[in-house]
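Have the model open as you read.

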Amino acid sequence: MGNTAQPAENVAVSAIDGTIDYKLGVLRKVLDRYSAPLVSSEFGLSLAEWRVMSHIHAGELVTASWLCERLLADKAEVSRACGSLIGRHFVRRRKNVADGRSHLLYLSQSGRRLYDQILASRLALDTELTELLSEEQKGTFFSAVDILTAHMLQKLHGSDVPAGHASGDSHQV
């Protein structure tokens, strides 16, 4: 027999509901579920492809290893996204003369055009969200996220925090 009791209103379903990691995880999931269909239907990319593309744009000439570190993603996910973007001619690669084992990735002209279009859409969403907050709330939120991110990266990597993940770099679209 199943339990048919319903939780009372105003009572947390679980002790985890009030934790930072749960709250941020829920927000990330909601943003992904809202964004994925838009990025996919309007621009034909997955969120992983968009994230890789945006970081290639930020780094200009990057390696897959740099992307893995920057995105905190596994090699398979980055490899799939890069392969798809290369196959559709949004990303190009060339040999890395400094390290013959890797390639340097960069956006093609069509990749830069697509990046600009998607960025406009992402910035519109960012504006919609940040307009819900006062200037003080935005500052507090971004500061808190930066502090928490730096702390967790320190725990994850010890004192060797990956470049681009230091305080002040967490506001991404």
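## The pocket lining

By class, the second largest pocket is lined by 6 nonpolar, 5 polar and 3 charged residues. (Ala, Val, Leu, Ile, Met, Phe, Trp, Tyr, Cys and Pro count as nonpolar, Asp, Glu, Lys and Arg as charged, and the others, Gly among them, as polar.) Helix 4 gives the largest share of that lining, 6 residues, while helix 3, helix 4 and strand 2 each supply at least two.

## Ground rules

This is a predicted model, where local features need pLDDT of at least 70, side-chain atom pairs count only at pLDDT 80 or more, and totals for chains, interfaces and linings use all residues. Residues are numbered from 1 along each chain as its sequence is written, and side-chain values use heavy atoms, with hydrogens and water left out.

Helices (H or I, at least four residues) and strands (E, at least two) are DSSP runs, numbered from the N terminus.

## Helix 4

Helix 4 buries Val78, Ala81, Cys82 and Leu85 (buried: under 20% relative accessible area, 1.4 Å probe, protein chains only). Looking down the axis of helix 4, these buried residues fall within an arc of 100°, so they line one face; the arc is taken over directions from the helix axis to the C-beta atoms. Their cover includes helix 2, helix 3, strand 1 and strand 2.

## Helix 2

On helix 2, the buried set is Leu47, Glu49, Trp50, Val52, Met53, Ser54, His55 and Ile56. Just after helix 2 comes Glu60, with a positive phi of about 70°.

Terms used
Buried means under 20% relative accessible area, exposed over 50%, partly exposed in between (1.4 Å probe, protein chains only). Contact means heavy atoms within 4.5 Å.
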